[in-house]
Amino acid sequence: MAKSILVSSFIMLCAAIIESSILSNITFLYIVPDLVLICSLYFAMLNGKVVGETTGFVSGLILDFITGFPPGFNCLYRTIIGYVYGIFSKTIIISGIIMPMLSVGIGTIAKTLMVHLIALLFPNVKIYIAGIISYDFLFEFIANIILAPFIFHFLGFFRKSLLVTSVKDNIDNV
């Protein structure tokens, strides 16, 4: 389990660096897609609740450190999303095109709603939050949905390194 969490944490660190260093500097991108959220959802649906909440928390720590948000801001909602998506790890098939798009779309909406709620806990901090009915949210939503099948397929190459051993044993027995 430690190996899969370390590998997934490294992948999320790389995604956060790509998101904050490369994609944020491309001038024609209106809003940067949330690659870290997509990766975190993949890890949660692959391994379950414990890995989902752990990778959600780690991804929040990484983003809090990189973006300068108040400590714990990203950790809170990403941990909740990782746990909820981990509940569905046994029922949702993450291969294909439709399910990754649908799950990431719902995750993006949940993220935006939770960010609005958590921002109420930080009233003195100036945080730009795109409204649920805005061009910023719409662009991020569409970009996340379009990128989801590609990122899920790419992360499928690392599936054996990312699977927790108990999950591997269950898959091998089937």
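Helices here are DSSP runs of at least four residues, numbered from the N terminus. The model is predicted.

Entry one, salt bridges. I looked up how many salt bridges the structure holds, and the count is 3. I found Arg78 and Asp34 paired at 2.8 Å, N to O. Arg78 belongs to helix 4 (residues 73–87) and Asp34 to the loop between helix 1 (2–22) and helix 2, so this pair ties together parts 44 residues apart in sequence. Asp34 also bridges to Lys111, with the closest N and O atoms 2.9 Å apart. That pair spans 77 residues, as Lys111 sits in helix 5 (residues 98–119). I then noted Lys111 with Glu140 at 2.5 Å, N to O. Glu140 is in helix 6, 29 residues from Lys111. Through shared partners, Asp34, Arg78, Lys111 and Glu140 form one network.

I located Asp64 in helix 3 (residues 49–67). Asp64 is buried but has no salt bridge; Arg78, the nearest side chain of opposite charge, is 7.3 Å away. A salt bridge needs the atoms within 4 Å. Among the residues Asp64 touches are Phe69, Phe73 and Cys75.

Entry four, helix packing. I read an angle of about 50° between helix 2 (residues 35–47) and helix 6 (residues 135–156), with axes 10 Å apart. The two are therefore oblique, and the crossing is right-handed.

Key
Residues numbered from 1 in each chain as written. Predicted model: local features only at pLDDT ≥ 70, side-chain atom pairs only at ≥ 80, totals over all residues. Heavy atoms only, no water. Buried < 20%, exposed > 50% of the residue type's maximum accessible area, 1.4 Å probe, protein only. Lys, Arg positive; Asp, Glu negative; His and termini not counted. Contact = heavy atoms within 4.5 Å. Axes fitted to C-alpha atoms, helices over the stretch in contact; angles between N-to-C directions. Parallel < 35°, antiparallel > 145°, perpendicular 65-115°, else oblique. Left-handed = near helix turned anticlockwise from the far one by under 90°. Lists of a residue's contacts leave out its neighbours within four places in sequence.
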